[in-house]
Amino acid sequence: MEKAITLSIVTPEGILFDAPVEYVGVPGTLGDFGVFPGHASILSSVRIGCLSYKEEGKSVNIFVGGGFVDVTKEKITVLADSATPSELIDVDRATKAKERAEARLREKAEGLDEARAIAALERAIARLQIASLGDK
């Protein structure tokens with residue numbers, strides 16, 4: 001079995017990460033899944049959640065706001081709507097976003113885009129959870 005697989009995380013802003021890793025955990029829309037070097041090819045959508053990878057024995061957690069992942073034996077390419085490493089998550093901002101989304105959903109004001117409010121709440125909760133995980 002190979003010892004590393006290249007992980008590339010790309011957002012609309014550019015390449016966030018591109019390096020060999022030992023393992024990748026992906027929040028797939030049909031369930032979380034792990035990828036080791038030599039994994040069978042797979043194409044999947046990615047839900048809001050925590051993408052993790054192991055590099056030189058260290059686990060790293062990244063918030064992803066949805067997207068797609070393409071896995072081949074040599075490379076994992078994540079096309080993320082947004083992505084933020086755990087250490088760069090602004091906890092105060094995420095807390096305020098969570099409170100705003102909860103208030104919108106509670107008030108159910110006329111013209112509320114409920115799906116958008118729920119997605120905002122999911123993003124805020126995921127960011128807070130990932131920030132609390134840190135990296136190990």
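This is a predicted model: local features need pLDDT of at least 70, side-chain atom pairs count only at pLDDT 80 or more; totals for chains, interfaces and linings use all residues.
1. Overall layout. The chain holds two helices and eight strands. Read from the N terminus, the order is β-β-β-β-β-β-β-β-α-α. The C-alpha trace spans about 55 × 30 × 25 Å along its principal axes.

2. The chain has 136 residues, and 38% of them are buried. Consider contacts between residues at least 6 apart in sequence: 53% of these join residues at least 24 apart.

3. Helix 1, geometry. This helix covers residues 91-107, which is 17 residues. From first C-alpha to last it reaches 24 Å. That is close to the 24 Å expected at 1.5 Å a residue.

4. Helix 1, start. Look at Asp 90 here. One of its side-chain oxygens comes to within 3.2 Å of the backbone nitrogen of Asp 92.

5. Helix 1, buried residues. Ala 94, Ala 101, Ala 103 and Leu 105 are the buried positions of this helix. Their cover includes helix 2, residues 114-133.

6. The helix pair. Helix 1 and helix 2 pack with axes 8 Å apart, at an angle of about 150°. The cut-off for roughly antiparallel is over 145 degrees, so helix 1 runs roughly antiparallel to helix 2. The crossing of the two is left-handed.

7. Residues in that contact. Helix 1 contributes Val 91, Ala 94, Thr 95, Ala 97, Lys 98, Ala 101, Glu 102 and Leu 105. From helix 2 come Glu 114, Ala 117, Ile 118, Ala 120, Leu 121, Ala 124, Ile 125, Arg 127, Leu 128 and Ala 131.

8. Thr 84, burial. This residue sits in strand 8, residues 83-85. Is Thr 84 buried or exposed? Its relative accessibility is 19%. Buried means under 20%, so Thr 84 counts as buried.

9. Thr 84, surroundings. Leaving aside residues up to four places away in sequence, Thr 84 touches Ile 62, Phe 63 and Ile 89. Cys 50 is 34 residues from Thr 84 along the chain. The C-alpha atoms of Thr 84 and Cys 50 are separated by 9.7 Å.

Technical notes:
Residues are numbered from 1 along each chain as its sequence is written. Side-chain values use heavy atoms; hydrogens and water are left out. Helices (H or I, at least four residues) and strands (E, at least two) are DSSP runs, numbered from the N terminus. The expected span of a helix is 1.5 Å times one less than its number of residues. Buried means under 20% relative accessible area, exposed over 50%, partly exposed in between (1.4 Å probe, protein chains only). Contact means heavy atoms within 4.5 Å. A polar contact is a pair of N or O atoms within 3.5 Å; within protein, one must be able to donate a hydrogen and the other to accept it, and residues adjacent in sequence count only if both atoms are side-chain atoms. Axes are lines fitted to C-alpha atoms, for helices over the stretch in contact, and angles run from 0 to 180 degrees between N-to-C directions. Angles under 35 degrees count as roughly parallel, over 145 as roughly antiparallel, 65 to 115 as roughly perpendicular and the rest as oblique. A crossing is left-handed if the near helix is turned anticlockwise from the far one by less than a right angle, and right-handed if clockwise.
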